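Please look over the sequence and the structure shown below before reading the report.

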Amino acid sequence: MTAQILDEVGAIIEPGISTEDINTFVHKRTLELGATPAPLGYKGFSKSVCTSLNDIVCHGIPSPYIVLKAGDIINVDVTSIKHGFHGDSSRMYFVGGAAACSEEARTLVDITLQALHVGIEQVRPGGRIGDIGAAIQEFINNTGKGYGIVREYTGHGLGREFHEAPQVCHVGRRGYGEPMRPGMTFTIEPMINLGTHKTVLSNVDGWTVRTADGGLSAQWEHTVLVTESGCEILTESLHR
């Protein structure tokens, strides 16, 4: 269901709409599909989805005053609750199409998606949670782009609760951390910055996280299940 909503929201993202328009769409579709938007009211969060634009790393709050323009990049983070369980995923979108965005923005978004799948490739019974972050860190460092990997905000277990153990860092050491066991579900959601890995939390709304240097940030997220033989991506696009 979360994947379906993210498939559909891409059709409305274009120059001139507001991030509040995205929130309205996600809220309506979530209810139509018989689910509840997990962010709404979570620890005081006032909207049904997170919309993180350009230099916003995560937890951007939708607003009628934030209007998309051609060349922007935006992360839309959807979490749905149905039958008491959560599904959490986010994707990047190019406003006005990829051609409208800078080459450095396109490259950042593409490499961040690759980093997500590098992390997912580490998910298997007997592996360690630290293997995921180590693989992502090695991959990003080997690009030679000088990108920063956000430390403070991580992936997480989820199921009946929005955030559960284990914490899934996107930097790490192989062989460290909790062992992965069949039946575990958690998110992997690397946040990669064009410049420094450092971030700043808004002291106005207490939610919006920006890059410390004002550079662009990208994030992709999937919920994965550890299976008996490897892993399954539970939030894969229905169009793949």
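How many nonpolar, polar and charged residues does the lining of the largest pocket have? The lining of the largest pocket divides into nine nonpolar, eight polar and seven charged residues, where Ala, Val, Leu, Ile, Met, Phe, Trp, Tyr, Cys and Pro count as nonpolar, Asp, Glu, Lys and Arg as charged, and the others, Gly among them, as polar.

This is a predicted model, in which local features need pLDDT of at least 70 and side-chain atom pairs count only at pLDDT 80 or more, while totals for chains, interfaces and linings use all residues. Residues are numbered from 1 along each chain as its sequence is written, and side-chain values use heavy atoms, with hydrogens and water left out.

## Pockets and cavity

The spaces are found on a 1 Å grid over the protein atoms alone: a cavity is a set of points where a 1.4 Å probe fits but cannot get out, a pocket is an open set with protein on both sides within 12 Å along at least five of seven lines, and lining residues have an atom within 4 Å of a point. Grid points are joined across faces, edges and corners, and a volume is the space filled by probe spheres set on the points.

| Space | Volume |
|---|---|
| Largest pocket | about 470 Å³ |
| Second largest pocket | about 280 Å³ |
| Largest cavity | about 30 Å³ |

The largest pocket is lined by 24 residues, and Tyr42, His59, His156, Phe162 and His163 lie nearest its centre. Strand E4 (73–82), strand E7 (155–157) and strand E8 (164–168) are the elements that give two or more residues to this lining, helices (H or I, at least four residues) and strands (E, at least two) being DSSP runs numbered from the N terminus.

The second largest pocket is lined by 15 residues, of which Ser80, Phe85, His86, Gly87 and Leu234 are the closest to its centre. Helix H1 (2–9), E4 and strand E5 (85–94) each supply at least two residues of that lining, which by class has six nonpolar, eight polar and one charged residues.

A search of the whole structure finds one cavity of 30 Å³ or more. Thr19, Thr51, Leu53, Ile56, Gly60, Ile61 and Ile66 line the largest cavity, and this lining has four nonpolar, three polar and no charged residues.

## Strands

Two strands pair if DSSP finds at least two bridges between them. E7 and E8 run antiparallel and are joined by three bridges, forming a hairpin with six residues between them; glycine 157 stands opposite glutamate 164 in E8.

Three further strands form an open sheet in the order E6-E10-E13, with antiparallel pairing. Strand E6 (148–149) and strand E13 (217–219) stand at the edges, each with a single partner strand, so one side of each is left without a neighbour in the sheet. Two bridges join E6 to strand E10 (residues 191–193), and glycine 148 has asparagine 193 as its bridge partner in E10.

## Helices

Helix H3 (residues 103–120) packs on this sheet, touching E10 and E13, and its direction makes about 35° with that of E13. Contact means heavy atoms within 4.5 Å; axes are lines fitted to C-alpha atoms, for helices over the stretch in contact, and angles run from 0 to 180 degrees between N-to-C directions.

H3 also packs with helix H4 (residues 129–143), at an angle of about 145° and with the axes 8 Å apart. The residues making this contact include Ile111 and Val118 of H3 and Ile136 and Phe139 of H4, and by class the contact has eight nonpolar, three polar and no charged residues.
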